[in-house]
Amino acid sequence: MEFSEYFPIWDQLTPGQRETLSGSLVSRSVKNGAVLHGGGRDCTGLLLVKSGQLRAFILSREGREVTLYRLFDRDLCLFSASCIMRSIQFDVTIAAEKDTELWVISAEAYKELMEQSAAAANYTNEIMAARFSEVMWLIEQVMWNSMDRRVAAFLLEEAAIEGANRLSITHETIANHLGTHREVVTRMLRYLQGEGMVRLSRGTVELLDVKKLSALRDA
């Protein structure tokens, strides 16, 4: 499919703006685990996902990770072009969670587009607002929710993403998403297994009782 089919405001741009944007595009294919953007000092450009899955996360000084949000087909990542968004004062790392096809949009070209097009500026502000809402939701989870509820919520989210109740995922990976230690996640998963909500085996977590997990998440 063409870039124009993935960029929702394409029809609102002038021919000259379309040409500038098209000329700035670089198509990339990345493997699962590849790091596309390493933090605020980089200016990778904006990432528009054709297919696959990306993860945006931050690192603590101790090296612990916490996931801010995921990006799926047709999602646009702005934080990878933080050099054109001076209000962003924290470093975000973007990595592939699956083999991913994407376009990289030049930061300079997109900045020029925002200055010329009200539609592009509004679209960008809407995405930024949505991302900050996700970050605020995350802060609320970290501050107010117990770890068993957070693990339950994460497992349910993963099952929805994968379309399956058997997840190929390690305790370390879950800990990285939630910004905690692997031992904490292991303890929580064993508790959930003891309650009959999940079944654990090497490298996998199987959801046995989605209803009980949902009740725990929403408690």
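Colleague: Which residue in S11 is the bridge partner of Leu167?

Modeller: In this predicted model, Leu167 has Val205 of S11 as its bridge partner.

Colleague: How do you know that S9 and S11 count as a pair of strands?

Modeller: Three bridges join S9 to S11. Two strands pair if at least two bridges lie between them, so S9 and S11 count as a pair. Their directions are antiparallel.

Colleague: What makes S10 and S11 a pair?

Modeller: Strand S10, residues 198–201, and strand S11, residues 204–207, are joined over four bridges in the antiparallel sense. The requirement is at least two bridges, and therefore S10 and S11 pair.

Colleague: What makes the phi of Arg74 worth a remark?

Modeller: Most residues other than glycine have a negative phi. Arg74 is not a glycine, although its phi is positive, about 80°. This residue, Arg74, belongs to the loop between strand S5 (65–71) and strand S6 (76–77).

Colleague: Why is Arg74 called partly exposed?

Modeller: The relative accessible area of Arg74 is 40%. Buried means under 20% and exposed means over 50%, so a value of 40% places Arg74 in between, as partly exposed.

Colleague: Which strands form the open sheet, and in what order?

Modeller: Four strands form the open sheet, in the order S2-S7-S4-S5, and their pairing is antiparallel.

Colleague: Why are S2 and S5 called edge strands?

Modeller: Strand S2 (35–38) and S5 each pair on one side only, and they are the edge strands. From one strand to the next, the twist averages 20°.

Colleague: How do you know that S4 and S5 pair?

Modeller: Strand S4, residues 54–59, is joined to S5 by six bridges. At least two are needed, so S4 and S5 pair. The two strands run antiparallel, and one of the bridges links Leu59 to Glu65 in S5.

Colleague: Which helix lies across S4 and S5, and at what angle to S5?

Modeller: Helix H6, residues 171–178, lies across S4 and S5, and runs at about 85° to S5.

Colleague: Which residues lie nearest the centre of the largest pocket?

Modeller: The residues nearest its centre are Thr67, Leu68, Trp137, Leu138 and Glu157, out of a lining of 16 residues. The space in the largest pocket is about 380 Å³. At least two lining residues come from each of S5, helix H4 (118–144), helix H5 (147–162) and H6. H5 gives the most, with five residues.

Colleague: What are the residues nearest the centre of the second largest pocket?

Modeller: Glu97, Glu158, Ser168, Ile169 and Thr173 lie nearest the centre of the second largest pocket, which is lined by 18 residues. Two or more of its lining residues come from each of S5, H5, strand S9 (166–168) and H6. The space in the second largest pocket is about 310 Å³. By class, its lining divides into three nonpolar, seven polar and eight charged residues.

Colleague: Why is the space lined by Gln17, Thr20, Leu21, Ala109, Glu112, Leu113 and Gln116 called a cavity?

Modeller: A cavity is a set of points where a 1.4 Å probe fits but cannot get out, whereas a pocket is an open set. The space lined by these residues is the largest cavity, so a probe inside cannot get out. About 30 Å³ of space lies in this cavity, and the structure holds one cavity of 30 Å³ or more. Helix H2 (15–23) and helix H3 (107–116) each supply at least two lining residues, and H3 gives the most, with four. The lining of the largest cavity comprises three nonpolar residues, three polar residues and one charged residue.

Key. Residues are numbered from 1 along each chain as its sequence is written. This is a predicted model: local features need pLDDT of at least 70, side-chain atom pairs count only at pLDDT 80 or more; totals for chains, interfaces and linings use all residues. Side-chain values use heavy atoms; hydrogens and water are left out. Buried means under 20% relative accessible area, exposed over 50%, partly exposed in between (1.4 Å probe, protein chains only). Axes are lines fitted to C-alpha atoms, for helices over the stretch in contact, and angles run from 0 to 180 degrees between N-to-C directions. Contact means heavy atoms within 4.5 Å. On a 1 Å grid over the protein atoms alone, a cavity is a set of points where a 1.4 Å probe fits but cannot get out, and a pocket is an open set with protein on both sides within 12 Å along at least five of seven lines; lining residues have an atom within 4 Å of a point. Grid points are joined across faces, edges and corners, and a volume is the space filled by probe spheres set on the points. Ala, Val, Leu, Ile, Met, Phe, Trp, Tyr, Cys and Pro count as nonpolar, Asp, Glu, Lys and Arg as charged, and the others, Gly among them, as polar.
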